[in-house]
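Biologist: Please walk me through this model, one topic at a time. Keep it brisk.

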Amino acid sequence: MKIALCAPADLHALAQMCGQPCDNVAAGLGSTATTPLIGEFLRRGHEITLYTLSKDVTEKKVYHWQHLRIVVGPFRQHHLAATYFWPEINFLERTIRKDAPKFVHAHWTYEFALGALRSGVPTLTTIHDLPWKVLWYYRDAHRAIRLLMAYEVALRGTHFTAVSQSAAKHFVRAFKPGATIQVVPNGLADEVFALGDHARQRNGRAITFATVLQGWSRRKNAKTALEAFAIARRQLTNARLIQFGEGYEPEGEANRFAAAHGLDRDVIFAGPVPHETLLRRLREEVDVVVHPSLDEAFSMAALEALALRKALIAGETTPGMREMLGPSGGVLIDVRHPAPIAQAMCQLALNDNYRLHLANRSFERVREHYRLGAAAACYENLYRQLFRTQSADVCALKPRLPIGLDA
């Protein structure tokens, strides 16, 4: 099948998948959701065209590696909201219209979806977040403009999926009343679950917690996790916390805040690391992942932690988390306050049997319900329907959740 995607992606990772050197390849905007999906489509024998954007280019670039063709346009560093992302959307629109694929699968309800929809090519849009929730936490012009973009996507689009029931319900309630949107959750490759099959135990070393977050913000709520760790350390004197992700590097925003408030003792600020390095370090060094985020439609970081057989602490009211963990996985608590997080950290640290039982149970659940191959198969079925009918409305299809997601 010939599949056209319009989405952010890690182009270096895609180059490596195709056996290509990365030296002269633009980095892309990255995504741990779409990049593996493209790899899975290639593994299944499809021909892929990816329309994407990068901060590393100033004009159109095209890469062609075996069955993967990537068309890259520039993504500016500044003035995005002030221009309603017009240059980015216009590049995608013109490029897709010129190529005229049979259909396009766009990811996120912003510039990528608008570029595809404005091209006139039949477009399936996957909803990855909750735009009103994002604006609530950031309250800036950039997110306000992106909210308007989501409304335009809802007006123009008729073919939708969502990565979680939370995302689908939010979009129906706020943007597309009356629509029925099929849920196709993100998945992980078998190689990630294989790492969890051989997870390493503590073997006497100090208990290690970790957070994996992108950006220091009220929405990600890392401040509360730092305060919770400081409380937990009173009981767990040898414990340590590793913070991964952008904003959590040495001398970064999180480090400066922690130092200023006396919260940096036994905290390692690792910052952003290559994805393979992140998975390896989580597997080998970490016992419990704390996910304090207040808003997630679907957390790839949380899913990866569970697939690596790590116990997870997450928010009981955070969208998407209860859906992912089911009735018996992870520790769901009130992450708005440090005391409940600290209590959960101590509970997991001091009871090895409970922590391992929880990690094993969660691992089995996500391995059953969140495999990348299952997500790819769902999309293949939708592509065939879209290809056959062209103007059929995916929102009118009878909702059909992948097995187990109604738990």
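**A buried arginine and its neighbours**

Modeller: We start with R146, which sits in helix α6 (residues 141-156); helices here are DSSP runs of H or I with at least four residues, strands are E runs of at least two, and both are numbered from the N terminus. The model is predicted: local features need pLDDT of at least 70, side-chain atom pairs count only at pLDDT 80 or more, and totals for chains, interfaces and linings use all residues. Residues are numbered from 1 along each chain as its sequence is written, and side-chain values use heavy atoms, with hydrogens and water left out.

Biologist: Is R146 buried or exposed?

Modeller: Buried means under 20% relative accessible area, exposed over 50%, and partly exposed in between, with a 1.4 Å probe and protein chains only. R146 has 18% relative accessibility. So R146 counts as buried.

Biologist: Which residues does R146 touch, not counting those up to four places away in sequence?

Modeller: Contact means heavy atoms within 4.5 Å. With residues up to four places away set aside, R146 touches F85, Y110 and E111.

Biologist: Where is F85, and is F85 buried or exposed?

Modeller: F85 lies in the loop between β4 and α3 (86-99). Its phi is positive, about 55°, although F85 is not a glycine. The relative accessible area is 0%, so F85 is buried.

Biologist: W108 also has a positive phi without being a glycine. What is its relative accessible area?

Modeller: W108 has a phi of about 75°. It belongs to the loop between β5 and α4. W108 is partly exposed because its relative accessible area is 22%.

**The sheet**

Biologist: What is the strand order of the open sheet?

Modeller: Two strands pair if DSSP finds at least two bridges between them. The sheet has eight strands and mixed pairing. Its edge strands, β3 (61-65) and β8 (182-183), each pair on one side only. The order is β3-β4-β2-β1-β5-β6-β7-β8.

Biologist: How many bridges join β5 to β6?

Modeller: Strand β5 covers residues 104-107 and β6 covers residues 123-127. They run parallel. V104 stands opposite T123 in β6. The number of bridges is four.

Biologist: Helix α4 (residues 111-118) packs on this sheet. What angle does its direction make with that of β5?

Modeller: Helix α4 touches β1 (2-6), β2 (47-54), β5 and β6. Axes are lines fitted to C-alpha atoms, for helices over the stretch in contact, and angles run from 0 to 180 degrees between N-to-C directions. The angle with β5 is about 155°.

Biologist: And which strands does helix α7 (residues 165-174) lie across?

Modeller: Helix α7 runs at about 140° to β7 (159-162). The strands it lies across are β6, β7 and β8.

**Helix packing**

Biologist: α12 packs with helix α15 (residues 352-369). How far apart are their axes?

Modeller: L303, L306 and A307 in α12 meet S362, F363 and V366 in α15. By class, this contact has five nonpolar, one polar and no charged residues; Ala, Val, Leu, Ile, Met, Phe, Trp, Tyr, Cys and Pro count as nonpolar, Asp, Glu, Lys and Arg as charged, and the others, Gly among them, as polar. The two helices cross at about 115°, with axes 8 Å apart.

**Enclosed space**

Biologist: How much space lies in the largest cavity?

Modeller: A cavity is a set of points, on a 1 Å grid over the protein atoms alone, where a 1.4 Å probe fits but cannot get out; lining residues have an atom within 4 Å of a point. Grid points are joined across faces, edges and corners, and a volume is the space filled by probe spheres set on the points. The structure holds two cavities of 30 Å³ or more. The largest has about 70 Å³.

Biologist: Which helix gives the most to the lining of the largest cavity?

Modeller: The lining includes H107, H128 and N186. By class, it has seven nonpolar, five polar and no charged residues. α2 (34-43) and α16 (372-389) each supply at least two residues. The most, three residues, come from α16.

Methods:
1 Å grid on protein atoms, 1.4 Å probe; cavity = no way out; pocket = protein on both sides within 12 Å on 5 of 7 lines; lining within 4 Å.
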